[in-house]
Amino acid sequence: MLFFRTFISRSTAMQAYKPAPVPGFSNANYVPENQVPQQALGTYQAGVGVGSYGFQPHTMGIPAGLAAPPIQNQPIMKEGTIWMPIPPPLPSCPPGLEYLTQIDQILIHQQIELLEILTGFETNNKYEIKNSLGQRVYFAAEDTDCCTRNCCGPSRPFTLRIIDNLGHEVITLQRPLRCSSCCFPCCLQELEVQAPPGTPVGYVVQNWHACLPKFTIQNEKRMDILKIDGPCVVCSCCEDINFEVKSVDNTATVGRISKQWSGIVKEAFTDADNFGITFPMDLDVKMKAVMIGACFLIDFMFFEHAGDKQQRTGVWQ
């Protein structure tokens, strides 16, 4: 009888006891099977930097057994760099180009290579691609062998890979080996833009002109979409150099590719350049990607030797 009374008392006490729900769950009646250590909960509760980037994590169902929902869509922090938040996928938009639907301006900063400064040995170019807020949108890296870089110089053929903040290659730029002399108008510069890699979305084609840099932006079907007109002398001091992006009939200015003045020291001792690209917000993302490709082609053609005796001062070297 004594054992039976003790058992009833313990059962009543267990029914009266109801532990507090684990933080992160909206169901107040949920009782976890196993208590999670407080230190593990704090890892998720901190939510480092979630509200400081202007977006909120996705709402999602919580499977049983997890202490709290993982944070989604958070920028990747690397060496103090803030990445642009990941936009949602869009139908009919090549994967990785969703970023371009939200911006009308791009800043491209070429990284300074100490090996080039100290030895003059040409290395693969690397670029940071940012939005107007300074958030990194993409990272671009040249993929060219040593012999080609140092034998062909700025006229070299190259493959340039553009990577998003998840480490995925979203755009590939391919430049074949072409002539850089006005004596061969049938073999002018050209750049193919692929997004995703292996799928052409457009081309940048140089147009022959005796004294002006001119290019045509084409879609994947080789139809002319936009024109690019540059200045007669692509060399200046203490000011930007602008390449105007216009409609096919040259009646309207659509955007601009600008080589920005970087300061006397950087201009004199390095070939690391800064560029700015502006385009309409509603421009097709494929054409925005092709305009980025045009910027890289212009950099190699006219500004890769900036700061030395081989600097280009016109269309032809």
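Predicted model: local features only at pLDDT ≥ 70, side-chain atom pairs only at ≥ 80, totals over all residues.
User: How are the rings of Phe243 and Phe302 arranged as an aromatic pair?
Analyst: A pair of aromatic rings is described by the distance of the centres and the angle of the planes. For Phe243 and Phe302, the centres are 6.2 Å apart and the planes are at 25 degrees. Planes under 30 degrees apart count as stacked, so this pair is stacked.

User: How many residues apart in sequence are the parts that Phe243 and Phe302 tie together?
Analyst: Phe243 belongs to strand β10 (residues 241–247), while Phe302 belongs to helix α6. The pair therefore ties a strand to a helix, and these parts are separated in sequence by 59 residues.

User: Which residues do ring pairs link into a cluster?
Analyst: Phe243 and Phe302, the stacked pair, are both members of the cluster. With the others included, the ring pairs link Phe243, Phe275, Phe302 and Phe303.

User: What kind of aromatic pair do Tyr127 and Phe296 form?
Analyst: Tyr127 and Phe296 are both buried. Their ring centres lie 4.7 Å apart, with 70 degrees between the planes. An angle over 60 degrees counts as edge-to-face, so the pair is edge-to-face.

User: Where do Tyr127 and Phe296 lie?
Analyst: Tyr127 lies in strand β2 (residues 126–130). Phe296 sits in helix α6 (residues 285–303), so the pair ties together parts 169 residues apart in sequence. The two elements are β2 and α6.

User: How many strands form the closed barrel?
Analyst: The barrel runs in order from β1 through to β12, with antiparallel pairing. Neighbouring strands are turned against each other by 20 degrees on average, direction ignored. The number of strands in the barrel is 12.

User: Which element gives the largest share of the largest nonpolar core?
Analyst: This core has 51 residues, and Ile108, Ile162, Ile257 and Phe296 touch the most other members. Phe296 lies in helix α6. With 15 residues, the largest share comes from α6.

User: In β4, which residue is the bridge partner of Ala141?
Analyst: Strands β3 (residues 136–142) and β4 (residues 158–163) run antiparallel and are joined by 4 bridges. On the β4 side, Ala141 has as its partner Arg161.

Terms used. Residues numbered from 1 in each chain as written. Heavy atoms only, no water. Phe/Tyr/Trp six-rings, centres within 6.5 Å; stacked < 30°, edge-to-face > 60°. Buried < 20%, exposed > 50% of the residue type's maximum accessible area, 1.4 Å probe, protein only. Pairing = 2+ DSSP bridges. Axes fitted to C-alpha atoms, helices over the stretch in contact; angles between N-to-C directions. Core = buried A, V, L, I, M, F, W, Y, C linked by side-chain atoms within 4.5 Å.
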